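Look over the sequence and structure before reading on.

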Amino acid sequence: MSKKKKKKSGGRILSTIILIIALCGLGYSGYHLAKYAWQTWQTNKTRDQVAGLISGQDETAIEDSDEAMRKAMMKKYGKLYKQNKDFIGWLKVENTGIDNPVMFTPDDGLNGQFYLRKNFYKNYDIAGTMFVDYRNVLDPAKGVSTNTIIYGHRMKNDTMFGPLKHYKDSAYAKEHDDIQFDTLYRPGRYKMFAVILSEAKTVVSEDEFVYYDFIDADSEKEFDKDIASIKAESIYYDDKNAPSYGDELLTLSTCDYYKENGRLALIAKRVD
C-alpha cells in the first residue's frame, strides 16, 4: 500500500474514532438531561398532587384564639395531615415559585433530615422535601421557638429552594419579601429583613455565631447580639423590617456555591 493510501486510511480511522467519542459524549449528556427533566417533572407532579389536597379557607374569618386557629388550619390542611402525619405546614414565598409542603420529624434519629431525599409520600426524590429543624417548637401551647428554620435543596431547575439564589440581588430581595408559612396550629405571614451568606462548619467555638444554631434567645441581650451577627453577615438588610426582642423569626436555609460548604439564608420577622 502506498504512503498516500496509508495516510488516507489512517485519517478515516481517526475521524471515525473522533465521531464515535463525540456521539458517546452526546448520548451521555442527553441521558443526564433527560434524567434531570424526568426528576423535575416528578418533583413538580408530587407538589401539585399534594397542593390539590388543600381545602379552601377564608383566613380573615379565623377567630383570634389558639383553638380556633388550630381548627381552621386542620380544616384547610387536614387532608395532607391524614395522608402523612409528618406534614407540619405549607410555605409560600410570593412571586418566586416556592409553594410547598413542609415536614417535621424531630424524632427520626436523623436530626430531622428524613425528607432530605424523600418526597411527601416518602419515596426517593433527589429534590427531597422542605423540612423544619428538629430542635424547633411550633405549637404555641408549648412556647414556639424564637427562630423557626426550614431547610431545602437549592435545585438548579428552580424547584424547592432553587429560587433563593435570586435573593443575592438586592433589588430582587426588596421586591420579594413577603413569606407565608402556615402551620397546623396557625397561619403566619412574615417580612424578610435579611439575606446572609454563611457556611456550614464542622467545628464551632462556644462564642461563635452560626445562623443554623440560632433557635432560641433567652434574653434581650442575647437576641440583640444574634441579630447584630446576622446583620454583619448580611448581603441585604432592611432596617425597616428588622425585629425586636419578642418577635418570632423564620429562616429559609439552603446551599450556595460561592464557597465550599456555603450556605444562603433568608431571615424574616412574623408580622401577622
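Contact here means heavy atoms within 4.5 Å. Helices (H or I, at least four residues) and strands (E, at least two) are DSSP runs, numbered from the N terminus. The model is predicted, so local features need pLDDT of at least 70, side-chain atom pairs count only at pLDDT 80 or more, and totals for chains, interfaces and linings use all residues. Residues are numbered from 1 along each chain as its sequence is written, and side-chain values use heavy atoms, with hydrogens and water left out.

**Helix α4**
- The 14 residues of α4 (residues 220-233) should span 20 Å at 1.5 Å a residue, and the end C-alpha atoms are 20 Å apart, which agrees. The expected span is 1.5 Å times one less than the number of residues.
- F223, D226, I227 and I230 are buried in α4. Buried means under 20% relative accessible area, exposed over 50%, and partly exposed in between (1.4 Å probe, protein chains only).
- These buried residues fall within an arc of 100° seen down the axis, so they line one face of the helix. The arc is that of the directions from the helix axis to the C-beta atoms.
- K221, K225 and A232 are exposed on the other side of α4.
- The buried residues of α4 pack against β6 (189-199), β7 (234-237), β8 and β9 (262-270).

**Largest pocket**
- Its volume is about 460 Å³. A pocket is an open set of points on a 1 Å grid over the protein atoms alone, where a 1.4 Å probe fits, with protein on both sides within 12 Å along at least five of seven lines; lining residues have an atom within 4 Å of a point. A volume is the space filled by probe spheres set on the points, which are joined across faces, edges and corners.
- The lining has 18 residues, with Q113, F131, Y151, S253 and R263 nearest the centre.
- Strand β8 (residues 249-255) gives the most to this lining, with three residues.

**Second largest pocket**
- Its volume is about 350 Å³.
- Of its 19 lining residues, I88, F104, P106, L138 and Y185 are the closest to the centre.
- Helix α2 gives the most to this lining, with three residues.

**Positive phi**
- N95 is not a glycine, yet its phi is positive, near 60°. N95 sits in the loop between β1 and β2 (98-103) and is exposed, at 67% relative accessible area.
- N111, also not a glycine, has a positive phi of about 55°. N111 lies in the loop between β2 and β3 (130-132) and is partly exposed, at 48%.
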